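Dear colleague,

Please find below the structure that I am handing over to you, followed by an account of what was found in it.

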Amino acid sequence: MSAIIQNLSSYLPDELECNIFLLAGANSPSNIPHYLSVAKRVHNWLEPILYWVVDTGDEEKAKLFILCLQLQPGFAKMSVKVLHLQPAVSPEQGAKILALCQGLQELTLQIINRTNLLDEENPLRGPLRDLRPTTLCMNIASVFYGPNIYLPDLVLLRLVQHLHLTNGWVAWQGLFIGLHKLSQLTHLSRPGLLRSY
């Protein structure tokens, strides 16, 4: 009788075991790499958590991220939900990363157009057309270089509800770039929005 009870107590349903590891990973993210080696099924449950939020702070991190995920693009699309592309990342690297991470919910786009590419030559424009984030923090110069900026033309903004524009001049040019036409926005922030006179 005790052998039967012992066998029953050593077995947990997969859903319960999965929830235990997910909770353990959420409570102690630094231990996730250790949990990955427990079993293949645990690895499959927890690996997406490691990629939920990705911050590519420099070109080297961007390069490593691209190398890691080019072999499994479906994984990147399903796992990466929050992406921060910092100014040190090149537009070409940013375009590759955005092409891999098409399932984003939140995007911070701070890449700087150092070569003064024309808007239609900017490699970011193509992958940005396919994204549907609901939260966006953006340096407008990441996408637009020319003087003709009209935000409603950006397909990227069609589903965005929370928008933060990091360019200070937007405070003075807001209506002229079409902010008033982005009726789906529920939250808008920009430098100089709350200015005391």
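At 9% relative accessibility, Asn 167 counts as buried (buried means under 20% relative accessible area, exposed over 50% and partly exposed in between, with a 1.4 Å probe and protein chains only). The model is a predicted one, in which local features need pLDDT of at least 70 and side-chain atom pairs count only at pLDDT 80 or more, while totals for chains, interfaces and linings use all residues. Residues are numbered from 1 along each chain as its sequence is written, and side-chain values use heavy atoms, with hydrogens and water left out.

Asn 167 lies in the loop between β5 and α9 (170–173); helices (H or I, at least four residues) and strands (E, at least two) are DSSP runs numbered from the N terminus. Beyond its neighbours within four places in sequence, Asn 167 is in contact with Met 138, Asn 139, Ile 140, Ala 141 and Pro 191, where contact means heavy atoms within 4.5 Å. Asn 167 and Ala 141 are 26 residues apart in sequence, yet their C-alpha atoms are 8.2 Å apart in space.

Asn 139 belongs to the loop between β4 and β5 and is likewise buried, at 14% relative accessibility. Leaving aside neighbours within four places in sequence, Asn 139 touches Leu 109, Gln 110, Thr 166 and Asn 167.

Of the contacts between residues at least 6 apart in sequence, 66% join residues at least 24 apart.

The largest nonpolar core has 41 residues, and those with the most contacts inside it are Leu 107, Met 138 and Leu 151. Such a core is a set of buried Ala, Val, Leu, Ile, Met, Phe, Trp, Tyr and Cys residues joined through side-chain atoms within 4.5 Å. At least two residues of this core come from each of α5 (59–70), α6 (73–79), β2 (82–85), α7 (91–100), β3 (106–109), β4 (135–138) and β5 (162–165). Apart from this core lies another, of 7 residues, including Ile 32, Leu 36, Val 42 and Leu 46. Met 138 has contacts beyond four places in sequence with residues including Leu 109, Val 143, Leu 151, His 164 and Asn 167.

Helix α7 is largely enclosed by the rest of the structure, because 7 of its 10 residues are buried. These buried residues pack against β1 (53–56), α5, α6, β2, β3 and α8 (125–129). The axes of α5 and α7 come within 10 Å and cross at roughly 35° (axes are lines fitted to C-alpha atoms, for helices over the stretch in contact, and angles run from 0 to 180 degrees between N-to-C directions). Among the residues that meet there are Phe 65 and Ile 66 in α5, and Ile 97 and Leu 100 in α7.

Finally, a search of the whole structure finds 1 salt bridge, defined as a side-chain nitrogen of Lys or Arg within 4 Å of a carboxyl oxygen of Asp or Glu. The side chains of Arg 41 and Glu 17 form this bridge, at 2.9 Å from N to O. The pair links distant parts of the chain, Arg 41 being in α4 (40–50) and Glu 17 in α2 (14–27), 24 residues apart. Arg 41 is partly exposed, with a relative accessible area of 39%, whereas Glu 17 is buried at 15%.

With kind regards
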